Amino acid sequence: MGAARRVPQMNQRGSRGRQACLAGIGETRYTKWGGIQDSSEYQLAVEAILAAVSDAGLSVEDVDGLASFAEDRNEATFLAADLGLPELRYASMSWLPGGGGACAAVMNAAMAIETGAAEVVVVYRSLCQGQFRRFGRGPGNPAQPSAPAAAPARPRVPHLRSAKSLLEAHVAFTMPFGMFSPPIAYAMVLRRHMHLFGTTEEQMGQVAVTTRAHAARNPRAVMGARPMTMDDYFESRMVSEPFRLFDCCLESDGACAVVVTTSERAADLARPTVTVLAGAQGAPRGFGHGQYSNASMPDADYASAGARGVAERLWAGAGLGPSDIDVAEIYDHFTGLVLLSLEDFGFCARGEGGPFAASGVLAWPGGSLPMNTHGGSLSEAYIHGLNHVVEGVRQMRGDSTCQVDGAETCLVTSAAGVPTSALVLARGAP
Amino acid sequence: MTERWFPDEMPYPSASAETSGFWEAAADHRLVVQTCDDCGRTRHPPGPVCPSCRSTRAHWAELPGTGSVYTYTVVRQAFIPALSDRIPYIVVAVDLDEANGVRLVSNLVDADHSQVEIGMRVEVAWEDMGPDLSVPRFRPSTVLSVESPTRSPTQSPTVR
């Protein structure tokens, strides 16, 4: 807010002083897992892209780039053909996995814009997990009922099989031990954090309850009509201690997209300009896929979001610090990992995430750092965090359902606990 | 036949060129850690190059199979149907003795879920999934109050 903004690093690297802006947002309906059966995941991707382009006041004829992040089934090359892009000039998929890559995909698109490689890049994510089984059928787990009925019976005598990917060889060190899904892996991270710092379940519950209250104002939110009290939180069933069901994000069907273009172009378009002030992505030494596949990282990284380096580069690039941020959209696959992100991005000291969240600062209205004003992945929808970028744009335009008065800066983060990324958005032109 | 703690439907490990040595040793009930021939540092999961000195030469150093619980979770949801009679079960990360900071994700078996705590001493318990496939699980240590001779630097209990 008050801090004088200097020209962001990304812009300094631009070949012609171009500045990336977010000019359009698009969303399909969001439902619970399996709720969308009348459109394919791929059709939803198209729907979200068209909506974002239309929101910007552009035509698909203007689009020359597409970007997403790892584990996307909806390939940009097919989308470019099916959408009829006149010329595909840029297509990228960030290596950062699952929820870690949403902000990186936007950053990559912004770099393409700022280097002049493309003029209008659409970043997209579509998830219809009811159409594709997700949990319990990870790599190295052939025993699941999703195997075709005609598949040969499992051999009676197990033997060591060849891994078909690096990931499969790595999760061989976790899956045979019943670490089937993220709640189990990240429950262990939070248990360590509790041990080191005294973090409590009630502090995690505060994140769930606060963001559910935000969702109540958001007509798109899957859980908007389901209020949650702290008692409700404690009564939800235990999944993997210390995580209850309400510590875990939703599993959703839906898609969203954002349009990245130059500030010059954005100035002539339908919507208020939102500047991508800075972006950063990465992981610390030895982090691998994060705590999901590796427990051998240093203690300081294990019980953390793994985002301190990303945060350092992000703040340097933005010329801002945590105290300059008016509203935050923090990736929330699990309540506890929100606390770790708040620590890594410097809103509080390491180990203080719990008390910080419990102090009420994250609530809209009135909190000093209103967070996940759309309800987040815990209560709006789980679209791998690209919906957090969409909400960041809404805040910078001034039309969120939990609008922070006078908000000029927004931090958006991607998933803690995997190689990750983050953005600082700013209201208006640079 | 040795003891079984988990059902046949548990996923079996699969291995790459880099990781097969671990599982081959496991079949012989030997717990090993990949160790750089040149600088002596350990690494896990195994990989093709030492992340410290970038040597590509490594060997499998045998470990005593003891360690302490670094962190854990008590899993109360059956993510595969075959585990519905087996919950709750305990997943642990074990700080392995003499492994210079390497931790293994595994299970604590032969223990009640209320017993597990960070720092508790454990020892390997092999579960034979088949004649040539065994996985290392851990049980509470049968040796009382023995301090590991080589504590890794990351075991330091204080971070603040």
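This is a predicted model: local features need pLDDT of at least 70, side-chain atom pairs count only at pLDDT 80 or more; totals for chains, interfaces and linings use all residues.

Residues are numbered from 1 along each chain as its sequence is written, while chains are lettered from A and ligands numbered from 1 in the order in which they are written.

The contact draws 47 residues from chain A and 45 residues from chain B; two residues are in contact if their C-beta atoms, placed from the backbone, lie within 7 Å. On the side of chain B that touches chain A, β5(B) gives the most, with 6 residues. Here strands are DSSP runs (E, at least two residues) and helices likewise (H or I, at least four), numbered from the N terminus. Strand β6 (residues 161–162) of chain A runs parallel to β1(B), joined by 2 bridges, and Arg161(A) has Ser14(B) as its bridge partner.

Within the largest nonpolar core, of 182 residues, Val106(A) is among those that touch the most other members. Such a core is a set of buried Ala, Val, Leu, Ile, Met, Phe, Trp, Tyr and Cys residues joined through C-beta atoms within 7 Å. Helix α4 (residues 102–115) of chain A gives the most to this core, with 11 residues.

In strand β12 (residues 409–413) of chain A, 5 of 5 residues are buried, that is, each has 20 or more other C-beta atoms within 10 Å of its own. Leu411(A) stands opposite Ala328(A) and has Val424(A) in β13(A) as a bridge partner.

Definitions and conventions: Two strands pair if DSSP finds at least two bridges between them. A residue is buried if 20 or more other C-beta atoms lie within 10 Å of its own, exposed if 12 or fewer, and partly exposed in between; C-beta atoms are placed from the backbone.
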